[in-house]
Amino acid sequence: MGVTIKDIAKEVGLSVSAVSLVLNNRPCRISAEKKEQIFAIAKRRHYIPNQAARSLVTKESRMLALILPDIENTFFSSLAKRIEDCCRREGYMLLIANSNDSYEQDKNLLRSITARGVDGLFMIVSNESYQYKAKLIQQLKHLPIPYVMVDRIYEQLSCDKVLYDNEKGAYLAVRHLQEHGHTRIGCVVNTASNNGMLRLKGYKHALEERGIEYNPCYVTEGDYRFESGYEAASRLLETDITAAFVSNDMMAIGFLKKLYELGRQVPKDFSLVGYDNSLSPFVLGVQLTSVAQDPQLLGEEACRLLTNRLKDKDTPPSTICLPPQLVIRSSVEPPLHSPDCI
Ligand code: RIB
């Protein structure tokens, strides 16, 4: 069994509380010589602090938690890595939990994670939870620990939030297609989430700005996974679109798969823009243009908000809305035929 503070206290001839203060670098009236002796014993006997016992004294677990919707999605896994890096730099461990985009999991994880005594929480709500928004807002409102909503937020909830400007990101993607002459532009969105509603708004804004009528036949739903991008392409490629804005890279790859099966080439005879820029750099055969939401910046801002909140629970909450960047590669070219040829 590992050595305890009690063993060290016995060897150095001091009380357990005195040794605990020294090992926790807390103020105490122990001589420098005795302190040196305590640290030497701890090192020689490979002492590992018992965090659970320590938290009973300090009332801190030095543990934070992140609930995210889909750990297999590279946007979320990249974001989780950045958040963990930041937490570690701040002296915290990060517990990462995957909700599988399910409200039930959001609800249960919020309960079980707070029961484990974490000090704070990063919350990325599942898409499904938007149907149960009122219930989840109530649960978040009564959370006993500070939390930050990341990426997917509830406007009605007064708390710290950080996200990218989804409407702007979609607008940049569609405007880029329009600047290359496309007027019949498909759109794959996930309006089960707040982000998806805002991206659809950005799509419509770009159309209106150019006087292009919104055609609901050019818009279809996806769930941010590969398969839904493939199925969305099967529907949209039945129409006369010459390009598509697909609102995340995983669905854009599914969309590409259908294009290949139909013998369509990007950008030669079809133009495509993705979102997240999480997979675009690695797509074989196509240099996919995509809207970047940098996980590094998002993670750092989320960590800063939460660690500041842990130190100061009184200042009013803040919302940080970051500017997305269109990363232009070579998946967009002018349409083969001008609109009046069809
Ligand atoms: O790829 C998953 C999508 O859902 C991302 O665009 C991110 O914004 C998340 O909300």
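Me: What makes Phe-76 buried?
Reply: Its relative accessible area is 4%. Buried means under 20%, exposed over 50% and partly exposed in between, with a 1.4 Å probe and protein chains only. So 4% puts Phe-76 in the buried class. This is a predicted model, where local features need pLDDT of at least 70 and side-chain atom pairs count only at pLDDT 80 or more, while totals for chains, interfaces and linings use all residues. Residues are numbered from 1 along each chain as its sequence is written, and side-chain values use heavy atoms, with hydrogens and water left out.

Me: How many aromatic pairs are there, and why is the one of Phe-75 and Phe-76 called edge-to-face?
Reply: The structure has six aromatic pairs. For Phe-75 and Phe-76, the ring centres are 5.3 Å apart and the planes stand at 75°. Rings of Phe, Tyr and Trp (its six-membered ring) pair with centres within 6.5 Å; planes under 30 degrees apart are stacked, over 60 edge-to-face, the rest tilted. Hence 5.3 Å makes a pair and 75° makes it edge-to-face. Phe-75 is also buried, at 5% relative accessibility.

Me: Why is the pair of Phe-255 and Phe-270 called stacked?
Reply: The angle between its planes is 25°, with 5.8 Å from centre to centre. Both values pass, so the pair is stacked. Phe-255 is in helix α11 (249–261) and Phe-270 in the loop between α11 and β9 (271–276), so parts 15 residues apart in sequence are tied together. Helices (H or I, at least four residues) and strands (E, at least two) are DSSP runs, numbered from the N terminus. Phe-255 is buried at 0%, and Phe-270 is buried at 1%.

Me: How do you know that Arg-199 lies over the face of Tyr-275?
Reply: Arg-199 is 3.9 Å from the ring centre. The rule wants NZ of Lys or CZ of Arg within 6 Å of the centre and within 35 degrees of the ring normal.

Me: What makes Asp-101 and Arg-225 a salt bridge?
Reply: Their closest N and O atoms are 3.7 Å apart. A salt bridge needs a side-chain nitrogen of Lys or Arg within 4 Å of a carboxyl oxygen of Asp or Glu. So 3.7 Å qualifies. Asp-101 is in the loop between β2 (93–98) and α6 (103–115), and Arg-225 in the loop between β7 (219–221) and α10 (226–236), so the pair ties together parts 124 residues apart in sequence. Asp-101 is buried at 12%; Arg-225 is partly exposed at 24%.

Me: What makes Arg-264 and Asp-269 partly exposed?
Reply: Arg-264 has 23% and Asp-269 has 21%.
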